[in-house]
Amino acid sequence: MDEMELTIQSNGMDGEGVARYNGKVYFVDGAILGEVVVAREVKSNKNFSRAELIRVVKKSNDRCEPKCKYYGVCGGCNLQHIKYEEQLKIKKDNIQNLIKKSGLGANVNDVFASEKCFGYRNKVKLFVGNSNELGFNKRNSNEVITINRCELVDENFNKIIEKIGFFIKNNAKFSHFYVKCVVIRVIDNVYTITLMLNKRINFDEFEAYLKMNKINYSLSYCLTKENDIPLYPACFVGGISDVMLNEFGIKYPVFPLAFLQVNNYIKNKVYEMIVDGIEKDEIVVDAYSGSGLLSAIIAQKAKWVYAVEIEKSSVDACVELCKRNNISNLTAINGDCAELIPKLLGENYVDTIILDPARRGVDQRTIESIIKNKPRRVIYLSCNPATLVRDLKMVVDGAGYSIRYIQPFDMFPQTSEVETLVELELESL
Ligand SMILES: C[S@@+](CC[C@H](N)C(=O)[O-])C[C@H]1O[C@@H](n2cnc3c(N)ncnc32)[C@H](O)[C@@H]1O
């Protein structure tokens with residue numbers, strides 16, 4: 001394909017620069033708004049094409065040197081070439097554009113910045129490649145590239161990645177035939193290591209290695225097939241058996257694969273803002289509640305909280321959390337929101353519903369039950385602006401809510417991902 005000179009006219013949702021050329025729209029990874037670049041078409045679709053950046057002819061003042069040596073190859077980050085302040089502006093503009101297109105007509109607040117723009121993550125998921133080296137998936141591919149350092153976690157975490165990588169590379173029993181991926185989390189200075197295996201293996205040597213390297217660990221495994229989806233709940237192997245966090249005055253157990261937000265600082269800011277909006281004596285439904293930390297924080301203030309979560313181990317964690325903290329006004333319910341939320345809203349008076357779904361957004365039946373039952377307030381936390389705006393549009397148009405605020409939070413610096421908190425209130429209030 002021929003090279004072409006493109007002027008980047010806007011930002012794409014996935015961190016690309018977007019240009020028009022000869023009647024076509026081109027998405028160019030690594031190009032920045034305002035730049036002139038030379039690129040080559042690599043993929044052509046009906047409505048748009050993808051082009052590969054060859055060189056920058058006119059450079060943006062917002063361009064910076066990526067910190068990571070794997071940047072551009074690894075599928076993890078896509079904004080490291082852009083200065084942090086500009087990353088925040090891009091995220092805000094992208095959400096604002098979606099809101100504008102939807103006709104919702106609300107203003108998006110400035111993105112709340114992360115305390116750290118590198119070294120902020122508390123979790124990584126590494127895959128075992130064909131050469132038995134740990135790594136991440138290559139950009140736009142399932143191929144594993146060897147990586148022994150990630151700039152999104154801190155130095156201590158990187159040392160752990162390197163040590164575990166070394167062990168796996170040098171122990172045939174831990175080869176890619178058996179170990180599919182390794183999930184590592186740091187929780188209050190304990191490294192929880194969960195191996196996703198297609199067959200139970202012996203961990204004695206691995207545990208001896210972790211001890212010899214003075215790693216404060218909690219080791220578990222989970223059986224899986226070819227992919228990284230667990231077939232059964234995780235089994236504890238050794239190390240610290242009771243990994244606990246103590247936050248917001250609540251002690252809670254962290255189970256190996258239960259959902260936890262990845263950026264502690266931003267998580268706390270988001271939770272504080274949600275709890276601030278809840279009044280005393282409210283009845284609250286926390287839909288898609290994960291391990292229930294947020295539900296428990298709200299229970300300290302509200303009259304009653306119903307937490308609904310599909311993953312059994314997360315619900316178990318929530319029940320345990322309630323026991324340990326003597327919380328008696330929280331009901332943790334295991335099941336699908338699509339079935340349970342219509343029931344809960346239909347049978348109980350509810351002041352506020354909190355929605356924090358996965359990327360695909362809220363299911364249709366939950367949306368319909370909100371429109372029908374009209375809880376006073378809807379608080380929606382989303383990691384996907386596209387499904388967020390789709391769902392907001394349905395609820396606002398269907399039930400007459402007004403948008404009180406749209407507050408993005410930079411949960412994931414150096415990537416185009418963004419967390420957004422929206423509060424809706426019934427217009428009659
Ligand atoms: C983004 S997490 C939110 C977790 C929690 N609010 C927190 O802050 O830790 C989304 C959660 O929704 C759960 N989930 C996904 N689909 C669901 C469904 N159909 N019904 C109930 N829970 C679901 C997932 O297991 C996950 O724990």
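This report describes the ligand surroundings and the aromatic contacts of the structure above.

The structure is a predicted model, in which local features need pLDDT of at least 70 and side-chain atom pairs count only at pLDDT 80 or more, while totals for chains, interfaces and linings use all residues. Residues are numbered from 1 along each chain as its sequence is written, and side-chain values use heavy atoms, with hydrogens and water left out.

**Ligand surroundings**

There are 15 residues around the ligand, among which Y271, E309, D336, C337 and D356 come nearest; a residue is near a molecule if one of its heavy atoms lies within 4 Å of it. This shell divides into 6 nonpolar, 4 polar and 5 charged residues, where Ala, Val, Leu, Ile, Met, Phe, Trp, Tyr, Cys and Pro count as nonpolar, Asp, Glu, Lys and Arg as charged, and the others, Gly among them, as polar.

| Protein atom | Ligand atom | Distance |
|---|---|---|
| Q261, polar side-chain atom | oxygen | 3.0 Å |
| D336, polar side-chain atom | nitrogen | 2.8 Å |
| C337, backbone N or O atom | nitrogen | 2.9 Å |

Of the 600 Å² of accessible area that the ligand has on its own, the protein covers 88%, with areas taken from the Shrake-Rupley method with a 1.4 Å probe.

**Aromatic contacts**

The whole structure holds 12 aromatic pairs, for which rings of Phe, Tyr and Trp (its six-membered ring) must have centres within 6.5 Å, with planes under 30 degrees apart counted as stacked, over 60 as edge-to-face and the rest as tilted. One of them joins F157 and Y191 in an edge-to-face arrangement, 5.6 Å centre to centre and with 85 degrees between the planes. This pair links distant parts of the chain, since F157 belongs to helix 2 (residues 155-169) and Y191 to strand 11 (residues 190-197), 34 residues apart. F157 counts as buried at 0% relative accessibility, and Y191 is likewise buried, at 9%; buried means under 20% relative accessible area, exposed over 50%, and partly exposed in between (1.4 Å probe, protein chains only).

The rings of F248 and Y271 have centres 6.3 Å apart and planes at 45 degrees, so this pair is tilted. Here F248 is partly exposed, with a relative accessible area of 27%, whereas Y271 is buried at 9% relative accessibility. Elsewhere, F167, F174, F203, F206, Y209 and Y221 form one aromatic cluster.

Note on methods. Polar contact = N/O pair within 3.5 Å; in protein donor to acceptor, adjacent residues only side chain to side chain. Helix = DSSP H or I, 4+ residues; strand = E, 2+ residues; numbered from the N terminus.
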